[in-house]
Amino acid sequence: MRKVISVIAILLGAIALVVGIGQKTFWAPPETVTASMPEFKEESPLTVIQPSVQNPGSEPVELVITGKGEFTASLARSYDVEAWVGDAAHVELTGVDRENHQLIAERIDGEKKTPNPAGDDLFFDSQKADGTMTYRWTAPDDGDWSLLLAADGTKAAPSEISVTYANDDAMPWALPLIIIGALLLVLGVALLVMRVIKPAKSANSGRRAETAVANTKNGPTKQNSLAVAAVLALAVSGISVPMAPTSDKPSDSPKASESASASESASASESASASAKPSESTAEEKPSYPVLTEEQLQRVLSDVEKQIGKADEKNTKKDLDSRASGAFKDLRTKRYDILNDKIKIAKPLALKTSVIRSAAVPNSSEAKFPRVITVVTAKDSDPATLPIALTLQQNSARDNYKLTFAAQMLPNSTFPGIAVGDPSVTQLDANAEGLKVKPKDALTQLADVLTNEKSKHKDNFAESEFIKAIHSGQKTEQKDAKEAKVKYSRTVTDKDTQVVSTPDGGAIVTGRLNQKAVFERTEDADPLESADELTKKLLGSSTSNGNVEITYAEPVMMYIPASGNDDKIQLVASEVSLLSVKQVEEN
């Protein structure tokens, strides 16, 4: 009977093992599965794929995107994609039903046409495809990233999408069957090898001693047989056997054991408490990220240099539209007008952006616009190369960054060394607090200092070659005017004020001052004479019998220290650009 039971146990164990191992190997479900999109009756110019298609902690999913002809897939932070889409009609893929292997998507109605998002500054990357694209979902940085699909903004965006991901389906009985099979094998083998030992009939001590010796020998043999059978069965089933501890020494005393446990418990409690605090803090504050990655910034600057260089080459205003705005565009346009009138003046400053010396790129936790960045660039890494200070602004999600300020840094001026992505850099407004002087007030004070050499605000500013040159030029101009009186005034163009904080608590401020110099003739004075060919050309005459008004633009960049800092406001970069010369009054 024992042999019959052992054979049955071995057979059942073998069957259980084969079925259990089979469910883990040749009967196992496929390693990956594919889910497809539902169909929609109406077409949309955009398709948005949210980061929720990716299962946290798993391998990146693989998307197969099929469209009618050419299309692009553009990757950006989720809140930026949402801002770019705005009120446009779009299909939104929000997740994957991993139980039924279907994609979860809906169509949101809205505007039927949009601009083409391909290559916009907002996107970290844009990939083109014709017909079909295989896209492996990977985020380039922390935070949520979404994928925006579009043909050209007018045609239907791809909405035929399938997602391939790791199959989470499991065979729940695989492991229990392997364990049960192993145990049945052990039982069957054990029953097969065991022998029944009958007690000895002789009562003499010598025979009892021999029997005892025999029992002692047979006992370990049976145990060893069982152990070997168990290990073999478990080895076949693929289950690892835990190793015995290297030392079986008990603890020195119960008190010591309790003390050690209490110590470990307290340590674990402190560790848990310490780790809980940062998570609570993180939950309270939204994580913020730089509005541009370093790769994006380099791409933007390269295109700015290319487009502005193209406009400078032929003095064409239209070519400025794609990458210039604000004060920079106004002054560049005026310079082109003068050059196109065949007046001999210097060509505008050529931009060189190959090397980024410093970059104040603000961090944000949402899609706030306009966005402002301030950068110092140079044509090479030579310390002797005079760098150029630039300010760029992005007005909305669908706009690219445009240059609003560009000037060579002034001699002996400095710009804080800031790496792209420094979390302490934020965008401020003209009335920002926490600075030695509010940005708006600092520009007004600078206007007064440049106009009046004895200004009450002069001690707020560090010594500057630019301020000295302005004062010297005004003195010379007043002296050369002879019988005419020269009056100077300056105003600030508020809309051109842009502010970005620095890691030390200070701020970089870009603004525009407008200078007006009025030459007033006395009643019996001789006609005013133009001092140079440019003034004559702009005035339309070499002399004037009335008052003459000359206007200049003075774009400036300055650094304002944090409140409580003993340092002074420092001019970083500036230039003077002649705008107009006109007669304002005749005698």
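Predicted model: local features only at pLDDT ≥ 70, side-chain atom pairs only at ≥ 80, totals over all residues.
Residues are numbered from 1 along each chain as its sequence is written.

View 1. Helices (H or I, at least four residues) and strands (E, at least two) are DSSP runs, numbered from the N terminus. Of the 587 residues, 40% are buried; buried means under 20% relative accessible area, exposed over 50%, partly exposed in between (1.4 Å probe, protein chains only). Among contacts (heavy atoms within 4.5 Å) with a separation of 6 or more, 73% join residues 24 or more positions apart. The exposed surface comes to about 32300 Å², with 51% supplied by carbon and sulfur atoms. Areas come from the Shrake-Rupley method with a 1.4 Å probe; for residues, only the protein chains shown count as cover.

**View 2. Helix α9 spans residues 465-480.** Its 16 residues reach 22 Å from first C-alpha to last, close to the 22 Å expected at 1.5 Å a residue. The expected span is 1.5 Å times one less than the number of residues. Phe466, Ile467, Ile470, His471 and Gln474 are buried. Seen down the axis, the buried residues of α9 fall within an arc of 135°, so they line one face of the helix. The arc is that of the directions from the helix axis to the C-beta atoms. Lys479 and Asp480 are exposed on the other side.

**View 3. The two ends of α9 are marked by Ser464 and Lys482.** Serine 464 caps the N-terminal end, with a side-chain oxygen 3.1 Å from the backbone nitrogen of phenylalanine 466. Lysine 482 follows the helix and has a positive phi, near 55°.

**View 4. Helix α7 covers residues 326-340.** It has 15 residues and reaches 21 Å, close to the 21 Å expected. Its buried residues include Phe328, Leu331, Arg332 and Tyr336. Just after α7, lysine 342 takes a positive phi of about 65°.

**View 5. Glutamine 570 sits in strand β22 (residues 570-574).** Glutamine 570 is buried, at 18% relative accessible area. Residues that it touches include Asn412, Ser413, Ala462 and Tyr559. Its side chain reaches the backbone nitrogen of threonine 414 at 2.6 Å. Phenylalanine 461 is 109 residues away in sequence, yet 6.0 Å away in space, C-alpha to C-alpha.

Conventions: Heavy atoms only, no water. Polar contact = N/O pair within 3.5 Å; in protein donor to acceptor, adjacent residues only side chain to side chain. Lists of a residue's contacts leave out its neighbours within four places in sequence.
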